[in-house]
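Open the model in your viewer and keep the sequence panel beside it. The stops below say what to select and what is found there.

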Amino acid sequence: MLMDRNEYYGDSMTKKIICYIQAFDCEKTIAATMQSILEQTYKNWICFVLSNGNENTVSAPNWSFDVIKNYAAIDSRFIVLNKRKNDLGMYMPMLYHLAQSFPDSYICSLDADDTYKNDFFERSIIFAEKNDLDIVACGTDIILKERTDSSTETLLRLSLIHISEPTRP
């Protein structure tokens with residue numbers, strides 16, 4: 001069983017969560033992704049968003065960077081990094097750099113087309129602290145969109161893995 005929120009937090013939330021999103025050509029999804037971070041019940045976080053090659057040109061319109069900047073204007077915990085040219089090789093070096101820069105924090109990564117449930121940070125950090133873990137792996141819910149004859153969308157939810165506490169002998 002997870003710890004009660006008040007039992008864990010005490011007077012303050014001491015551990016910081018550093019979130020990293022690498023965003024390329026994601027104008028249709030990045031708002032939901034960033035909103036899911038903004039709505040977290042655990043508030044001690046910073047989110048670095050690398051806008052990776054999101055140039056808006058007449059020949060190739062891309063509004064991703066504008067959406068990212070708008071969220072950064074809403075909440076200063078969003079830190080925007082802009083790289084004019086897409087560079088997939090930035091992912092691992094950036095995670096390493098964040099881990100070195102924030103040694104007593106938890107690092108998480110999120111794709112620009114994914115979202116977290118609003119208690120994801122809270123549940124993860126409570127689980128890690130309760131079990132004295134350095135790493136918490138979690139599952140995923142996949143939402144499949146399927147068109148029917150009437151052009152309505154049906155959302156199918158498939159739970160692949162669930163966070164569970166380890167069983168002790």
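Which residues point one way from β2, and which the other way? Select β2: W45, C47, V49 and S51 point one way, I46, F48, L50 and N52 point the other way, and all are buried. Buried means under 20% relative accessible area, exposed means over 50%, and partly exposed is in between (1.4 Å probe, protein chains only).

Some ground rules before going on. This is a predicted model in which local features need pLDDT of at least 70 and side-chain atom pairs count only at pLDDT 80 or more, while totals for chains, interfaces and linings use all residues. Residues are numbered from 1 along each chain as its sequence is written, and side-chain values use heavy atoms, with hydrogens and water left out.

**The whole chain**

Colour by secondary structure. The protein has five helices and six strands, and from the N terminus the elements run α-β-α-β-α-β-α-β-α-β-β. Helices (H or I, at least four residues) and strands (E, at least two) are DSSP runs, numbered from the N terminus. Of the 169 residues, 32% count as buried. Among contacts between residues at least 6 apart in sequence, 73% join residues at least 24 apart; contact means heavy atoms within 4.5 Å.

**The sheet**

Select β1, β2, β3 and β4. They form an open sheet of four strands in the order β3-β2-β1-β4, with parallel pairing. Strands β3 (78–83) and β4 (106–111) are at the edges with a single partner strand each, so one side of each has no neighbour in the sheet. On average, neighbouring strands of this sheet are turned by 20° against each other, direction ignored. Axes are lines fitted to C-alpha atoms, for helices over the stretch in contact, and angles run from 0 to 180 degrees between N-to-C directions.

Now keep β1 (residues 17–23) and look to either side. β1 pairs with β4 in the parallel sense over six bridges, and seven bridges join β1 to β2, also parallel. Two strands pair if DSSP finds at least two bridges between them. Select Q22: this residue stands opposite D111 in β4 and opposite L50 in β2.

**Helices on the sheet**

Which residues of α4 are buried? They are M94, L95 and L98. These residues cover an arc of only 100° around the axis, which puts them on the same side of α4; the arc is that of the directions from the helix axis to the C-beta atoms. What covers the buried residues of α4 includes β1, β2, β3 and β4. The face turned away from the buried side carries the exposed residues M92, Y96 and Q100.

**The cores**

Show side chains for C19, I21, I30, I37, F78 and F121. Of the 27 residues in the largest nonpolar core, these touch the most other members. A nonpolar core is a set of buried Ala, Val, Leu, Ile, Met, Phe, Trp, Tyr and Cys residues joined through side-chain atoms within 4.5 Å. The elements that give two or more residues to this core are β1, α2 (30–38), β2, α3, β4 and α5 (120–130). With five residues, α5 gives the most.

Centre on I30. Leaving aside neighbours within four places in sequence, I30 is in contact with I21, A23, S64, V67, I68 and A112.

Select S36 in helix α2. S36 is buried, with a relative accessible area of 7%. Beyond its neighbours within four places in sequence, S36 is in contact with L110, T115 and Y116.

Move to D75, in the loop between α3 and β3. At 12% relative accessibility, D75 counts as buried. A polar contact of 2.7 Å joins the side chains of D75 and R77. Such a contact is a pair of N or O atoms within 3.5 Å; within protein, one must be able to donate a hydrogen and the other to accept it, and residues adjacent in sequence count only if both atoms are side-chain atoms. Leaving aside neighbours within four places in sequence, D75 is in contact with L38 and W45.

Is D132, the last stop, buried or exposed? D132 is exposed, with a relative accessible area of 71%. This residue lies in the loop between α5 and β5 (141–147), and D132 has a positive phi of about 50° although it is not a glycine.
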